[in-house]
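User: I would like to go through this model in short questions. Please show it before we start.

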Amino acid sequence: MGNTESGIDIMDIDTKGASPVTASQDKLTVKGVEASKKLAAADFVRMEKYKCKIFKVAKEKDVDPALIAAIISRESRAGHTLLKGWGDHGNGFGLMQVDKRYHTPVGAWDSEQHLTQATEILIDFIRKIKEKFPRWSLEQCVKGGIAAYNAGVNKVKSYEDVDEGTTGRDYANDVVARAQWFKTVKDGYLL
């Protein structure tokens, strides 16, 4: 991912999946990885219209397209929860919810430009986690970077509690599990 993270397989990152709070969005009676898979599957049809943009940005930025799709699924349910491109009480912009309090959003809410900006933000967070935790494996840094994408680097304090400061206390675990689902979906969506 982003040149320095090439070679990471999202399937090699451990995950606990979604918390009961996150699973309750779709009134699921399951939690964990099973809930994350169901949430990702619910976004599958809506995600199709963004597939070409996701692949293009993923290739340009050397990031697994399944990870981009998973963040889109978690952040905006593939655009379904947005109002004119905005979410998070008017603070988050676009499919990947770039926070206007910390970044100046670019492009249309569903544009390639937006996906590029958000993916660059993710890559930057992965690098910052690598600097903060130099002994972490690359897989751990990617998961920590996903948590930081949601909550900021300062909220990531240990790998064991990587999601302690994230929304639902499951952000990175849920995103990784969703990414694994997108990576393996039978129709080859993001293989």
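Analyst: Helices here are DSSP runs of H or I with at least four residues, numbered from the N terminus. The model is a predicted one.

User: In which helix is Glu 75 found?

Analyst: UniProt, in an unreviewed entry, places the feature "active site" at Glu 75 and Asp 88. The run that holds Glu 75 covers residues 65-76. That run is helix H4.

User: Which pocket has both Glu 75 and Asp 88 in its lining?

Analyst: Both positions carry the "active site" feature in the UniProt record. Glu 75 and Asp 88 are included in the lining of the largest pocket.

User: Where does Asp 88 lie?

Analyst: Strand S1 spans 86-87, and strand S2 spans 92-93. Asp 88 lies in the loop between S1 and S2.

User: Is Cys 141 buried or exposed?

Analyst: Buried means under 20% relative accessible area. Cys 52, at 67% relative accessibility, counts as exposed. Cys 141 has 2%, so Cys 141 counts as buried.

User: How many disulfides does a search of the whole structure find?

Analyst: A disulfide needs a pair of cysteine sulfur atoms within 2.5 Å. The number of disulfides found in the whole structure is zero.

Definitions and conventions:
Residues are numbered from 1 along each chain as its sequence is written. This is a predicted model: local features need pLDDT of at least 70, side-chain atom pairs count only at pLDDT 80 or more; totals for chains, interfaces and linings use all residues. Side-chain values use heavy atoms; hydrogens and water are left out. Buried means under 20% relative accessible area, exposed over 50%, partly exposed in between (1.4 Å probe, protein chains only). UniProt positions are given in the numbering used here, feature names are shortened, and annotations may be inferred rather than shown by experiment. On a 1 Å grid over the protein atoms alone, a cavity is a set of points where a 1.4 Å probe fits but cannot get out, and a pocket is an open set with protein on both sides within 12 Å along at least five of seven lines; lining residues have an atom within 4 Å of a point. Helices (H or I, at least four residues) and strands (E, at least two) are DSSP runs, numbered from the N terminus.
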